[in-house]
Structure formats: structure tokens, C-alpha cells
Amino acid sequence: MKSTKINKRVVVTQSHFRDVETSLDLIHLPIITFKKLPYDKSILNKQYDYAVITSKNTVRFFKDELNMLDVKHIASIGKTTSEALVEAGFHVDFEPSDYTQEGFKEEFKVEKGMRVLYPASKDKRSIMRDYFISEGAELTDLPLYAPASNDITIRELKRILSDIDGITFSSPSGVHAFMEHFNREDLTDLKVISIGHVTQSALLSYGVKTKIPKEATLESMINEMEKEFQNEI
């Protein structure tokens, strides 16, 4: 139970949002949108040992195809992706304890010849793809969707940026989309919290310092933001 009210306005820029118990005034403004890309449908006629699902966007764009696939197991990269899969009617057979590509790589054992379907963002990092290939998996790498700036959100951010106290980032693509329209000075007086070291590195490349929570979840990010404001009281 939150006992201290913090009258601070915080923009959450990630694509997906759900209610979080917090003393902050959260404003959801997804900084990027996504579009599904065309692909060779013949890959849906193959048999797979694993479909590896790494984001809620993949679930959204691929759930119909996933339901029709001849696939033995489904692996998820983390809690929110697993929840989206379960909500869509799927069973998750593997989820790493560390919700990152690095954590997945450490805990997921690839057997030589394992048939793996990997639908994900066109701009995904190569860590897992390279791992599957290096360990001898028969990998079908599917660029499923691509990010693009959300112009409506950008306009709203420009309108309210001077009136907010904090902002969160959940992906490098979100950082880059934001910085196409703003600069480091626009964030000088704001608390900035991000998910994961990769997103943190993207912000640092623009000279923006950020803190990251221990877990890569929205709740953890908001809790970290609350701590930052509590430290000022």
C-alpha cells in the first residue's frame, strides 16, 4: 500500500501499458508504433521443435499463425511476453529467470539440429539468433515487424514535455525515435528510468544518464521512479 502521495507526472513511452499501483500520475504515450512486414508464408508449413517469442508485439502479430503451426514447444523471453501468450491461449514451455536475450542464451539449451522458428522485430539484436546458429540449430529467422515513430505521440510530447517530471524508456528503438525529435537538454530536468542495459546504453549514446531497475518490467521501472522522487523528500 502506498502511503505517501507524490504529485509527479511521469510519461511512460513503451507500447504496451497496464494499470500499476503507484503514487505517480502516469501518462501513457507510446513513442513508437509497429507495422507487420510481409514474409514467405511457406515457413508456416514446416515442423518446429520450438517457436521462440520475445515480445508482446510478436504475440499480437503472430498469434493466428502460431495457432496453426506444427510446433512442439514455445519459449518466451520474459514475464509480460509469457502472460500475453497465455492470454492468447498458448502454453509456455520455457522462460528464463533473467528477462533478457543474455539470460535466455545462458539458460536455454540448444540441441544440434533443433528446428527453431524465431519471429521478432526486424531491428532485434543478434545475440539469440547468433546463439542458435552457433549451437547448430536449424533456425528460421523471421523479421516479423518493424518500429516507426508515433507522430501523434510526438506532437503530444512536445506539447506537455515542459510540464512533466519524469519519463521512462523500454527499448533502444524508443530512445532513437524520441531523440529524432528532441535533444539531451529536453531531458535535463527530468527523472529518466529505463529497462535494461541496452536501452540504458542507447540513452547514454545521446549523453542522457538513466537508472535501471533489477527486473525488466513496467512495475519495477515505476517503483524505481518512485524511489527517485522519494529521495528528494
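Helices here are DSSP runs of H or I with at least four residues, numbered from the N terminus, and the views below all come from a predicted model.

**View 1. The loop residue G89.** G89 is found in the loop that lies between helix 2 and helix 3, the latter covering residues 101-107. With a relative accessible area of 64%, G89 is exposed, since exposed means over 50%. Although G89 and K63 are separated by 26 residues in sequence, their C-alpha atoms are 9.1 Å apart in space.

**View 2. Packing of helix 1 against helix 2.** Helix 1, residues 56-68, packs with helix 2, residues 79-87, at an angle of about 30 degrees, and the two axes are 10 Å apart. Because angles under 35 degrees count as roughly parallel, helix 1 and helix 2 are roughly parallel to each other. The crossing in which helix 1 passes helix 2 is right-handed. On the side of helix 1 the contact is made by K56, V59 and L66, while helix 2 contributes T80, T81, A84 and L85. Classified by residue type, this contact of helix 1 with helix 2 has four nonpolar residues, two polar residues and one charged residue.

**View 3. The nonpolar cores and the surroundings of F62.** The largest nonpolar core has 44 residues, and those with the most contacts inside it are V11, F62, L66, L85, L157, I167 and F178. When residues up to four places away in sequence are not counted, F62 touches Y39, L44, L69, L117, P119, L142 and L144.

Terms used. Residues are numbered from 1 along each chain as its sequence is written. This is a predicted model: local features need pLDDT of at least 70, side-chain atom pairs count only at pLDDT 80 or more; totals for chains, interfaces and linings use all residues. Side-chain values use heavy atoms; hydrogens and water are left out. Axes are lines fitted to C-alpha atoms, for helices over the stretch in contact, and angles run from 0 to 180 degrees between N-to-C directions. Helices (H or I, at least four residues) and strands (E, at least two) are DSSP runs, numbered from the N terminus. Angles under 35 degrees count as roughly parallel, over 145 as roughly antiparallel, 65 to 115 as roughly perpendicular and the rest as oblique. A crossing is left-handed if the near helix is turned anticlockwise from the far one by less than a right angle, and right-handed if clockwise. Contact means heavy atoms within 4.5 Å. Ala, Val, Leu, Ile, Met, Phe, Trp, Tyr, Cys and Pro count as nonpolar, Asp, Glu, Lys and Arg as charged, and the others, Gly among them, as polar. A nonpolar core is a set of buried Ala, Val, Leu, Ile, Met, Phe, Trp, Tyr and Cys residues joined through side-chain atoms within 4.5 Å. Buried means under 20% relative accessible area, exposed over 50%, partly exposed in between (1.4 Å probe, protein chains only).
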